[in-house]
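I opened this notebook to record what I looked up in one model, entry by entry. The sequence and the structure come first, and my notes follow.

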Amino acid sequence: MDPRKTRHIVDRLELTELTALLRACAGEGEGIDLNGDVLDTPFLDLGYDSLALLQVTGIIERDHDVTLDEEALDEAETPRQYLDLVNGALSARTTA
């Protein structure tokens, strides 16, 4: 089976995947344990700016073959809000 065809099956992005992408794109936030309860912690408090999120968004769009609403993502201030938007787009893609 071609792995390029199976990577798009994922219909949900989890917090662990998001934090791994954040670390890969922008490193570990200063003094913040991303393994803790960070769902409602603002990205800026976690040490991540809009550039880090832009990089993460690009990877998600590429790896999951989805187009995300940049304007809505700009308003996502916490991992929970970001994941809700991403997962909504992934869900819509799989039902289309």
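Where does Thr-78 lie? I found Thr-78 in the loop between α5 and α6, where helices (H or I, at least four residues) and strands (E, at least two) are DSSP runs numbered from the N terminus.

**Ground rules.** I note that this is a predicted model, in which local features need pLDDT of at least 70 and side-chain atom pairs count only at pLDDT 80 or more, while totals for chains, interfaces and linings use all residues. Residues are numbered from 1 along each chain as its sequence is written, and side-chain values use heavy atoms, with hydrogens and water left out.

**Thr-78 again.** Leaving aside neighbours within four places in sequence, I listed its contacts (heavy atoms within 4.5 Å) as Leu-39, Asp-40, Thr-41, Pro-42 and Phe-43.

**The chain as a whole.** I counted 6 helices and 0 strands, which read along the sequence as α-α-α-α-α-α. Of the 96 residues in the chain, 31% are buried. Among contacts with a separation of 6 or more, I find that 66% join residues 24 or more positions apart.

Phe-43 lies in helix α3 and Tyr-82 in helix α6 (residues 79–95), so the pair ties together parts that are 39 residues apart in sequence. I also checked burial, and both Phe-43 and Tyr-82 are buried.

For Val-86, leaving aside neighbours within four places in sequence, I listed contacts with Leu-13, Ile-60, Leu-68 and Leu-73.

**The largest pocket.** How much space lies in the largest pocket? I recorded about 300 Å³. Of the 15 residues that line this pocket, the closest to its centre are Ser-50, Leu-53, Leu-73, Asp-74 and Ala-76. On a 1 Å grid over the protein atoms alone, where a 1.4 Å probe fits, a pocket is an open set with protein on both sides within 12 Å along at least five of seven lines, and lining residues have an atom within 4 Å of a point. Grid points are joined across faces, edges and corners, and the volume is the space filled by probe spheres set on the points. The elements that give two or more residues to the lining are α3 (43–46), α4 (50–64) and α5 (70–75), and α4 gives the most, with 4 residues. By class, I noted 9 nonpolar, 2 polar and 4 charged residues in the lining; Ala, Val, Leu, Ile, Met, Phe, Trp, Tyr, Cys and Pro count as nonpolar, Asp, Glu, Lys and Arg as charged, and the others, Gly among them, as polar.

**Single residues.** I placed Asp-74 in helix α5, where it is exposed, with a relative accessible area of 65%; from C-alpha to C-alpha, Asp-74 and Leu-53 are 8.8 Å apart in space and 21 residues apart in sequence. Asp-49 lies in the loop between α3 and α4 and counts as partly exposed at 41% relative accessibility. My last entry is Asp-65, in the loop between α4 and α5, whose phi is near 50°, a positive value in a residue other than glycine, and which counts as exposed at 52% relative accessibility.

Definitions and conventions: Buried < 20%, exposed > 50% of the residue type's maximum accessible area, 1.4 Å probe, protein only.
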